Amino acid sequence: MKHLLQIYVKPYLLRMAVGLVIKFTGTIMDLFLPWILAYMIDRVIPEKNTSQLLYWGLVMLVCSFLALAGNVIANRMAAKVAGEIVEWLRHDLFEKVMYLPSAGVDGWTKPALISRLTSDSYNVHNMLSRIQRLGVRAPILLLGGIIMTLNLDLALASVLLCLMPVLGLIMWQVTARSVPMYTRTQEAVDGFVRLVREDIAGIRVIKALSKTEYEKERFDVWNRQVVERERRAGMTTAILNPSMNLILNLGLVLVILVGAYRVQAGTSQVGTILAFLTYFTIILNAMLSISKMFTILSKGQASADRISQVLESEDERQLELQILDRIQEREGGCTILARQRLWEPEMPERKAKDLQAGEEEKEAPFVAFRDVSFSYHSGKLVLQHISFSLKQGETLGIIGETGSGKTTIAALLTGLYQADSGQILVGGKDIRKQKFGELREQIGIVFQNDTLFEDTIYENVRLGRELEEAQVMKAIRAAQADEFVRKKSGQSQEQLNIRGANLSGGQKQRILIARALAGEPRVLILDDSSSALDYRTDMELRKAIRQEYSSVTGILIAQRISSIRHADHILVLEDGRMLGYGTHEELMETCRSYQELYRMQTGEGRMP
């Protein structure tokens, strides 16, 4: 939390200081009012001086106006500053989430990241806003009230001072216990959000399989857990207000008793006692405000710590610097490595190395896996010693059972995960020597469970990239989506629902394929993206890609042999291992698993 505040609050310290001065002025005016009232009762009224009475009445009116104006202006400034800080914080947090490596997203989980962007950022906003409002006003009223009571009547003030250590001890104990409780509550909210997210996304499946009651039971479990943790945290903080009220009210009773005795003895005056009671009420309200602020601080601190954990985690930009071994010290906007290239362009050794690297790149395959192994979790390999090689324009078909590692190959090619061992080439270069942005600009990909956004068909294909309309429409035609796009209002500006709910499965896949093609990639990866297409459309799609994007290097991940049998190379996977690699004809001769799969899908095939 400390690191977070240093970064995001420090630029606003001047504005916060101005707000503090305005708030301080307004609060001081509030503190003067009871003193002026006591002075009028004890001094002005007994003298029956009308002009003095009007004068001090006008002073009270001015003080009241300044108190109101100061507090309103300061509160508005506090709200604006808190909003801007959290807007900046939320922007950076969202940017961080977008750059998190896939392994990082898996570790945090999507619901946990959503909670940090929503409820946690709200708690931080509430904390910053209340600190500037109650955090300034309440302590000033508390300290100022105590000082004024000491000036009014030392004997009465001593009663109040005896209560302060007890109140401070209660607040400290409650805060120490509540912060961990609110952290655990937010963790339960993460699980709750995850369940709700899954159930809303899969509501049709739940209804179709009559699993509504089952999901209700799961929901009740998480709901009870969230409620129970909130209840425990709430019960802990709920002790604060009643206990403080009790102690302060007991103190108020003592003040009244002592004050009545002193008035009767002639050692104090009625106006002084009335002012003291007013100050005591102000102090009581200030203590209650401080107790509320401690509750808000507990939530805010827990949320700020959770946000800081994400912001301080390693993202792809930092990983890129490590992988490329860049020197992070910068002078004049360029790295030392870049300066060396600028200052020493004619060095014979460097020219020889550059020429050698260029020759190696020419000889290197366009896309290749060289003895690649990978595991999502340490100790359990998902891919083991995978090797294949593609020249530019060639196509690789990947086939295998569910869980065999097909999608993992696509994820590794795009740099979403880093291989444990081996080498991966894309565009003839090792991906570890490429920036993630440069790598992914070369690749068009359709994942197995890809996403359509709530926007027009055109924008879903373009996806914010600087593409010309001709490129978008060419991709739509090649993806065999032109016909149904023209039927929808006769144009590509048809608005889609969330996740493309107003499209059929085949229509979604064609829009997604058009999105991958629109950027005219050098490498096209289709991960089971034609499973909802009929055979004729699938055939026309493959034909259009060969004609319109002939130079693209294709990787087709499929369940049907008919979708990949014409590929230049076919890779057969089982449990992350290579069972076969070659053309369709070669595999029909050498790979039993491929033969069995072909026979099951076509009803024919030659078995040895």
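In this predicted model, L195 is buried, its relative accessible area of 2% falling under the 20% cut-off for that class. The residue belongs to helix α6, which comprises residues 154-201, and, when its neighbours within four places in sequence are left aside, L195 is in contact with E215, R218, F219 and W222.

A helix pair is formed by α3 (residues 50-99) and α5 (residues 110-152), which pack at an angle of about 155 degrees with a distance of 9 Å between their axes. Because angles over 145 degrees count as roughly antiparallel, α3 is described as roughly antiparallel to α5. The crossing of α3 past α5 is right-handed, and the residues of the contact between α3 and α5 comprise 14 nonpolar, seven polar and four charged.

The model also contains an open sheet of four strands, arranged in the order β4-β3-β6-β7 with antiparallel pairing. The antiparallel pairing of β3 (residues 367-374) with β4 extends over five bridges, and V372 is placed opposite I386 of β4. Helix α14 (residues 406-413) packs on this sheet, where it touches β3, β4 and β6 (421-426), and the direction of α14 makes about 115 degrees with that of β3.

Methods:
Residues are numbered from 1 along each chain as its sequence is written. This is a predicted model: local features need pLDDT of at least 70, side-chain atom pairs count only at pLDDT 80 or more; totals for chains, interfaces and linings use all residues. Side-chain values use heavy atoms; hydrogens and water are left out. Axes are lines fitted to C-alpha atoms, for helices over the stretch in contact, and angles run from 0 to 180 degrees between N-to-C directions. Helices (H or I, at least four residues) and strands (E, at least two) are DSSP runs, numbered from the N terminus. Angles under 35 degrees count as roughly parallel, over 145 as roughly antiparallel, 65 to 115 as roughly perpendicular and the rest as oblique. A crossing is left-handed if the near helix is turned anticlockwise from the far one by less than a right angle, and right-handed if clockwise. Ala, Val, Leu, Ile, Met, Phe, Trp, Tyr, Cys and Pro count as nonpolar, Asp, Glu, Lys and Arg as charged, and the others, Gly among them, as polar. Two strands pair if DSSP finds at least two bridges between them. Contact means heavy atoms within 4.5 Å. Buried means under 20% relative accessible area, exposed over 50%, partly exposed in between (1.4 Å probe, protein chains only).
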